[in-house]
Amino acid sequence: MLNFSLFHSTFLSSCKHSIILPIPKTNNPSFLSSFHPILLSPFLSKLLEYICFSQLNAFVSNFNILPSCQYGFRRFYSTMTELLHISDVVLHNFDNCRLTSIVALDFTKAFDTINHDLLLVKLKLYDLSHLALSLICLFLTNRTQQVLVYNSFLLFSS
């Protein structure tokens, strides 16, 4: 079934439905931010997502698409690698009597607001195959979610 999805650029609609379990972060939650959402997706969906991620990640690595300063979501790169790099630059500048300024941005919610159309255009510019683009488009569109609250479901779609 997974090979069929990959070769024919299809994605089962039943694999596009997830259940969200809001787990309280505190004993007495009174705000939505007091909950940690746990996403339960179908097993086949997670497996297909992992296969696509692995292939896309290999594509990006083989063609050296990401800039060297991109530390997130890369093998052998981490926040620790980034902090070591920043420390090295600051110390080097200090040794050479140069001033260093740092602007820190919080991208915590950045992936919640990605424009899917813009992402697909950018992936097309990187020469992804038509089948790969179609599969990613199918994966991103017409998804549904249900939030399970006190044994009752609330339905959302995107």
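## Leu6 and its neighbours

Leaving aside residues up to four places away in sequence, Leu6 is in contact (heavy atoms within 4.5 Å) with Leu48, Ile51, Cys52 and Leu135. Leu6 itself belongs to helix α1, which covers residues 2–8; helices (H or I, at least four residues) and strands (E, at least two) are DSSP runs, numbered from the N terminus. Between the C-alpha atoms of Leu6 and Leu118, which lie 112 residues apart along the chain, the separation is 22 Å.

The model is predicted, and for that reason local features need pLDDT of at least 70 and side-chain atom pairs count only at pLDDT 80 or more, while totals for chains, interfaces and linings use all residues. Residues are numbered from 1 along each chain as its sequence is written, and side-chain values use heavy atoms, with hydrogens and water left out.

## The buried side of α5

Helix α5 (residues 130–140) contains Leu133, Leu135, Ile136 and Leu140 as buried residues, where buried means under 20% relative accessible area, exposed over 50%, and partly exposed in between, for a 1.4 Å probe and protein chains only. These residues lie on the same side of α5 because they cover an arc of only 165° around the axis, the arc being that of the directions from the helix axis to the C-beta atoms. The buried residues of α5 pack against α1, α2 (43–62) and α4 (116–125). After α5 comes Asn142, whose phi is positive, near 55°.

## The cysteines

A disulfide is a covalent bond between the sulfur atoms of two cysteines, and here it is counted when a pair of cysteine sulfur atoms lies within 2.5 Å. The search of the whole structure finds 0 disulfides. Cys52 is in none, and its nearest cysteine sulfur, that of Cys15, is 11 Å away; Cys137 is likewise in no disulfide, with the sulfur of Cys52 the nearest at 13 Å.

## The second largest pocket

A pocket is an open set of points on a 1 Å grid over the protein atoms alone, where a 1.4 Å probe fits, with protein on both sides within 12 Å along at least five of seven lines, and its lining residues have an atom within 4 Å of a point. The lining of the second largest pocket includes Ile20, Phe35 and Tyr150, and the elements that give two or more residues to it are β1 (17–24), β2 (35–40) and β3 (144–149). The largest share, 3 residues, comes from β3.
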